[in-house]
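Trainee: I would like to go through the terms used for this model and see what stands behind each of them.
Mentor: Then ask about them in turn, and we will set each value against its cut-off.

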Amino acid sequence: MCQECGCGLPGENPVGISAHHHDHDHDHGHSHGHDHHYDHEHPHSHTHSHGDATGQRRVLEVRQAILEKNDRLAERNRGFFHARGLLVLNVLSSPGSGKTTFIRETVRLLGKRLKTGVIVGDLATDNDAQHLRESGVPVVQITTGTVCHLEAEMVASALKQLDLEGLDLLIIENVGNLVCPASYDLGEDLRVVLLSVTEGEDKPLKYPPMFQSAGVAVVSKMDLATACDYNREAALANLRCLAPKAPVFETSAKTGKGIDAWCEFLIQQHKGIKARDPLGV
């Protein structure tokens, strides 16, 4: 259950997937021992009372991680992605930070260097998906209803609607939210967290779990930095404090600033994926 906002149990709400249907499925029947999950601090506790041999009662507390099922399905996704040589990104941010435009420009600049597919998550409408389809890439929309994050099971279902033949890169645009999605591993290789210059330099400090889990940090809308009186030094210091190992890309989808360096980074990351064992072991 998403305890941060009370949006419901995982999978409780129907997920609408709108895309051109491709009649092919994939088998997740892989066994992998990857330790690639994020720290979940929301244990689900059950308390049971039992009588012992002396007739006295004792209390047993059983703790079960509420995200155990999601983590298990995320590992299945990861095994499937690795077997296909796919580089997978989970792109997260608050609403309005420019995720969709950033993804569009990434896809455009990569062109044929990395064949890309996109999964888009939103509570309602397929506006972002339609926007991205104009770039000519295969796109699947996940409509989550009242659920404010994507889950590994939703991604697995969406994959059945996506033509994966020849894909090198899969970009998952998560629901705009800096709280709940931090707890849900989707099976990605890289968690990419955007911070817009319009949001304020202290945004990472206000939402530490999200930024601590970032594999890559992207500062977006740099063309508005002057107008917003953006404090670059403070923002970078906050990002480095929470995610010291994450590379930081300062970008503007409008002017193209930083997008070249970001795409080159992805190409190098994909080379590492291709050099990996076919089963990702």
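**Values and cut-offs**

Mentor: The side chains of His 149 and Glu 151 are joined by a polar contact of 3.0 Å. Keep in mind that this is a predicted model.

Trainee: What makes the pair His 149 and Glu 151 a polar contact?
Mentor: The cut-off is an N or O pair within 3.5 Å. The side chains of His 149 and Glu 151 are joined at 3.0 Å, so the distance meets that limit.

Trainee: Why is His 149 called buried?
Mentor: Buried means under 20% relative accessible area. His 149 has 0%, so it counts as buried. His 149 sits in the loop between strand 6 (139-143) and helix 4 (152-159). Its C-alpha atom is 7.3 Å from that of Asn 177, a residue 28 places away along the chain.

Trainee: Asn 177 comes up again with Ser 94; which residues is Ser 94 in contact with, leaving aside neighbours within four places in sequence?
Mentor: They are Lys 99, Gly 176, Asn 177, Leu 178, Glu 199 and Lys 203. Ser 94 lies in the loop between strand 4 and helix 2 (99-110). Its relative accessibility is 9%, which is under 20%, so Ser 94 is buried as well.

Trainee: Are Cys 148 and Cys 263 buried or exposed?
Mentor: Cys 148 has 11% relative accessibility and is therefore buried. Cys 263, at 3%, is buried too.

Trainee: What makes strand 8 mostly covered?
Mentor: Seven of the seven residues in strand 8 (residues 190-196) are buried. Leu 190, Val 192, Leu 194 and Ser 196 point one way, while Arg 191, Val 193 and Leu 195 point the other way. Both sets are buried.

Trainee: How do you know that strand 8 pairs with strand 4 and with strand 9?
Mentor: Pairing needs at least two bridges. Strand 4 (residues 87-92) and strand 8 run parallel and are joined by four, so they pair. Leu 89 has Leu 190 as its bridge partner in strand 8. Strands 8 and 9 also run parallel, with five bridges, so they pair too. There, Val 218 of strand 9 is the bridge partner of Leu 194.

Trainee: Why is Lys 221 called partly exposed, but Asp 229 exposed?
Mentor: Partly exposed lies between the buried limit of 20% and the exposed limit of 50%. Lys 221 has 25%, so it falls in between. Asp 229 has 67%, which is over 50%, so it is exposed. Lys 221 is in the loop between strand 9 (216-220) and helix 7 (232-242), and Asp 229 is in the loop between strand 9 and helix 7. Neither is a glycine, yet phi is positive in each: about 60° for Lys 221 and near 55° for Asp 229.

Trainee: What is the mean pLDDT of the chain?
Mentor: The mean is 82, and 75% of the residues reach 70 or more. Over residues 18-50 the pLDDT is below 50, and this stretch has 88 contacts in the model beyond near neighbours in sequence. Residues 60-64 also stay under 50, with 17 contacts beyond four places in sequence.

Key: Residues are numbered from 1 along each chain as its sequence is written. This is a predicted model: local features need pLDDT of at least 70, side-chain atom pairs count only at pLDDT 80 or more; totals for chains, interfaces and linings use all residues. Side-chain values use heavy atoms; hydrogens and water are left out. Helices (H or I, at least four residues) and strands (E, at least two) are DSSP runs, numbered from the N terminus. Buried means under 20% relative accessible area, exposed over 50%, partly exposed in between (1.4 Å probe, protein chains only). A polar contact is a pair of N or O atoms within 3.5 Å; within protein, one must be able to donate a hydrogen and the other to accept it, and residues adjacent in sequence count only if both atoms are side-chain atoms. pLDDT is the predictor's confidence in each residue, from 0 to 100. Contact means heavy atoms within 4.5 Å.
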